[in-house]
Amino acid sequence: EMKESIYKTKDTVLTIIKIINRLDKKINKYKKDNDNYEFTDIAKMAISVLEKNDGIRNELKESLNEIMIDEYQDTSSLQEDFISLIANHNVYMVGDIKQSIYRFRNACSDIFQNKYDRYKRNDEGCAIDLNSNFRSRKEVLEDINIMFKELMTLNIGGADYKKDHVIEYGN
């Protein structure tokens, strides 16, 4: 019954998809005609330029001594694609998966977690855990650890808190 119910919506769904595709074409034409782009459009254009022009990509790659990224846990796949095109074994990232809050802006904490796991194995890079907290009282950190050890797992929260993310009192 559920399957039949879903199949009955097929014509409606196809009509909605057609409308969305037409709207997308009109919006893109408007943007191009008026030279009025959104951040995502510009990012896609930059990636396209780098992918199609080895000379430009290599010149940019060679000109950058370091690429430093803060809040890496909030990186989107589009940003990661751009970074990978200009990286030359010179990318330094800082992030905390427990602080990933921008999924609504296409941030993908899996990018952080997958790279963190590879770097922990010294595969393609090196992970350095900065788990010492010098700003908070010991009692506060103990309470945070008690809660997150129970609440945060790979399945819920995207991090193995007990294994890699316990905060240590640093003072």
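Biologist: What share of the contacts in the chain with a separation of 6 or more comes from residues 24 or more positions apart?
Modeller: Such residues account for 60% of those contacts, where a contact means heavy atoms within 4.5 Å.

Biologist: What kind of model is this, and how are residues numbered?
Modeller: This is a predicted model, in which local features need pLDDT of at least 70 and side-chain atom pairs count only at pLDDT 80 or more, while totals for chains, interfaces and linings use all residues. Residues are numbered from 1 along each chain as its sequence is written, and side-chain values use heavy atoms, with hydrogens and water left out.

Biologist: How many helices and strands are there?
Modeller: The chain has eight helices and four strands. These are DSSP runs numbered from the N terminus, helices being H or I with at least four residues and strands being E with at least two.

Biologist: Which pattern do they follow along the sequence?
Modeller: The pattern reads α-α-α-α-β-α-β-α-β-α-α-β.

Biologist: What is the radius of gyration of the chain?
Modeller: The chain has 22 Å, whereas a compact globule of 171 residues would have a value near 16 Å. The radius is taken over C-alpha atoms, and the globule rule is 2.2 Å times the number of residues to the power 0.38. Along its principal axes, the C-alpha trace spans about 60 × 60 × 30 Å.

Biologist: How much of the chain is buried?
Modeller: Of the 171 residues, 25% count as buried. Buried means under 20% relative accessible area, exposed means over 50%, and partly exposed lies in between, with a 1.4 Å probe and protein chains only.

Biologist: Turning to charges, how far apart are the mean positions of the positive and negative ones?
Modeller: The mean positions of the 27 positive and 31 negative charges are 7 Å apart. Lys and Arg count as positive and Asp and Glu as negative, without His and the chain ends; each charge is placed at NZ of Lys, CZ of Arg, CG of Asp or CD of Glu.

Biologist: How many salt bridges does the structure hold?
Modeller: The structure holds eight, a salt bridge being a side-chain nitrogen of Lys or Arg within 4 Å of a carboxyl oxygen of Asp or Glu.

Biologist: Which residue pairs with lysine 29?
Modeller: Lysine 29 forms a salt bridge with aspartate 33, and their closest N and O atoms are 2.6 Å apart. Both residues are exposed. They are four residues apart in helix 2 (residues 10–34), so about one helical turn separates them.

Biologist: And what about arginine 57, buried or exposed?
Modeller: Arginine 57 counts as buried because its relative accessibility is 16%. Its salt bridge partner is aspartate 54, with 2.5 Å between the closest N and O atoms. Aspartate 54 is partly exposed at 45%.

Biologist: Which residue meets arginine 137?
Modeller: The side chain of arginine 137 meets that of glutamate 139 in a salt bridge of 3.4 Å, N to O. Arginine 137 is exposed at 56% relative accessibility, and glutamate 139 is partly exposed at 43%. Elsewhere, salt bridges with shared partners join Lys31, Glu38 and Asp41 into one network.

Biologist: Where is leucine 141?
Modeller: Leucine 141 is in helix 7 (residues 138–151). At 2% relative accessibility, leucine 141 counts as buried.

Biologist: What does leucine 141 touch?
Modeller: Leaving aside residues up to four places away in sequence, leucine 141 touches Asn133, Ser136, Ile167, Glu168 and Tyr169. The C-alpha atoms of leucine 141 and tyrosine 169 are separated by 6.8 Å, although these residues are 28 apart along the chain.
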